Amino acid sequence: MPSFREPKAQSEHAISQKVALGKGRHDHRNDGRIHSVGTARNYEQALKGVAEYQQEHRLGDLRGLSVETAQQYLADRAALVSQKTLDLDRQAMQLHLGVRLDVVKSERETHLSTRSYTAAQVERIASAQSERNSLATRIAHCAGLRAHELLTIRPTEERPSSGHREWSAERFTGREGERYTVEGKGGLVREVLLSRELAQQLEATRLDEPREVTDREVHYTQHYDLAGGQAWSQSFTAASQRELSFSNGAHGLRHSYAQERMEELQLRGINYEEAKGIVAQEVGHFDKDTTEAYLR
């Protein structure tokens, strides 16, 4: 019998049955569970859309979702959403159904353009921010960090990088500085390199005691009085709009980092594919092809 619950309640219930927080994703891959709050939130939103579709077309509820309906939903969505969104919908339904679905290609043209900033543009943005946000911007650019990773930075001697991954000895070739670690997507801990000047400025913000902070409903233990997360990202966007009259978002700093590092590595004689693999590790991608999108 179809559920009379609202689509949102249906999706929340469906995802709650699949969540296994507290276990690193990379240590429990392919176990049919969700190990990230962010992924749970994204999948919940995706399944809400599926439930709304079923409700609109009188196709029952999420409990009775069939493979045929799932594939039809993807086919109908292909003309409306980007490939990234379509893939997210497919992955959420695959987890819910426990079966693999056919990949459907988006029919909507995605206009590709660079999201990177030049070093001069980054400096202008940082100069237009408060001292705390400015330092975070310079660190994110120097190390290719995500917004939330700024909240997790620690010296390597206090927290080593994840041991389940084989790390390239070529990481950070051509650069000098101090190594730290950050915790990225899925709990992956990786080393990052800060210039000695930035490391010195960061250490000046060291907290006497760690503090708990929450960003986008995720809890972090912070060891430095450093800006990060959504608040810093919003500051960055506002400063970019003021100084440059446009913003590619704080994530654009990762694109800048990837492009700068690719140029540095290739100038040292490292071929394109090998350089891309090194940069992928430096920015926390498991699949080096994901890094390709950062190089446009």
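**Figure 1. Two domains, with centres 30 Å apart.** The C-alpha centres of domain 1 and domain 2 are separated by 30 Å. Welcome to this predicted model, whose chain is divided into domain 1, residues 7-97, and domain 2, residues 119-293. For another sense of distance, pick out Gly-60 and Pro-210: these residues are 150 apart along the chain, and their C-alpha atoms are 49 Å from each other. Gly-60 belongs to the loop between α2 (37-56) and α3 (67-77), and with 35% relative accessibility Gly-60 counts as partly exposed.

**Figure 2. The largest nonpolar core.** Here we look at a core of 28 residues, in which Ile-139, Leu-194, Leu-226 and Trp-232 touch the most other members. Two or more residues each come from α5 (119-127), α6 (131-143), β2 (178-183), β3 (189-194), α7 (196-203) and α8 (229-244). Helix α6 provides the largest share, with six residues. Another core lies apart from this one; it has 23 residues, including Ala-46, Leu-62, Leu-74 and Leu-101.

**Figure 3. Ile-139 and its contacts.** Which residues is Ile-139 in contact with, leaving aside its neighbours within four places in sequence? They are Gly-144, Leu-145, Leu-150, Leu-194, Leu-198, Leu-202 and Leu-226. Two of these partners, Leu-194 and Leu-226, are named alongside Ile-139 among the residues that touch the most other members of the largest core.

**Figure 4. Helix α6, a mostly covered helix.** Ten of the 13 residues in α6 are buried. They are Asn-133, Ser-134, Leu-135, Ala-136, Thr-137, Ile-139, Ala-140, His-141, Cys-142 and Ala-143. What do these buried residues of α6 pack against? Their partners are α5, β3, α7, α8, α9 (252-267) and α10 (272-283). The end C-alpha atoms of α6 are 18 Å apart, which agrees with the 18 Å that its 13 residues should span at 1.5 Å a residue. Just beyond the helix, Gly-144 has a positive phi of about 70 degrees.

**Figure 5. Helix α8 and its buried face.** With 16 residues, α8 reaches 22 Å from its first C-alpha to its last, close to the expected 22 Å. Its buried residues are Gly-229, Trp-232, Ser-233, Ser-235, Phe-236, Ala-239, Ser-240 and Leu-244. Seen down the helix axis, the buried residues of α8 fall within an arc of 160 degrees, so they line one face. The buried residues of α8 pack against α5, α6, β4 (206-215) and α9. On the other side of α8, Ala-231, Gln-234 and Arg-242 are exposed. Just after the helix comes Ser-245, with a positive phi of about 65 degrees.

Figure 6. Four aromatic pairs are found in the whole structure. One of them joins Tyr-117 and Phe-236 edge-to-face, with 5.4 Å from centre to centre and 80 degrees between the planes. This pair links distant parts of the chain, 119 residues apart: Tyr-117 sits in the loop between α4 (83-97) and α5, while Phe-236 is in helix α8. Are Tyr-117 and Phe-236 buried or exposed? Tyr-117 counts as buried at 3% relative accessibility, and Phe-236 is buried too, with a relative accessible area of 0%. Tyr-117 also forms a stacked pair with Phe-246, at 6.3 Å centre to centre and 10 degrees between the planes. Because Tyr-117 lies in the loop between α4 and α5 and Phe-246 in the loop between α8 and α9, this pair ties together parts that are 129 residues apart in sequence. Phe-246 is partly exposed, at 30% relative accessible area. Ring pairs link Tyr-117, Trp-232, Phe-236 and Phe-246 into a cluster.

Figure 7. Most residues other than glycine have a negative phi. Phe-172, although not a glycine, has a positive phi of about 70 degrees. Its place is in the loop between β1 (154-155) and β2, where Phe-172 counts as buried at 4% relative accessibility. Glu-217 likewise has a positive phi, near 70 degrees. This residue is found in the loop between β4 and β5 (218-224), and Glu-217 counts as exposed at 60% relative accessibility.

Key:
Residues are numbered from 1 along each chain as its sequence is written. This is a predicted model: local features need pLDDT of at least 70, side-chain atom pairs count only at pLDDT 80 or more; totals for chains, interfaces and linings use all residues. Side-chain values use heavy atoms; hydrogens and water are left out. A nonpolar core is a set of buried Ala, Val, Leu, Ile, Met, Phe, Trp, Tyr and Cys residues joined through side-chain atoms within 4.5 Å. Buried means under 20% relative accessible area, exposed over 50%, partly exposed in between (1.4 Å probe, protein chains only). Helices (H or I, at least four residues) and strands (E, at least two) are DSSP runs, numbered from the N terminus. Contact means heavy atoms within 4.5 Å. Domain bounds come from an automatic or database domain assignment. The expected span of a helix is 1.5 Å times one less than its number of residues. The arc is that of the directions from the helix axis to the C-beta atoms. Rings of Phe, Tyr and Trp (its six-membered ring) pair if their centres lie within 6.5 Å; planes under 30 degrees apart count as stacked, over 60 as edge-to-face and the rest as tilted.
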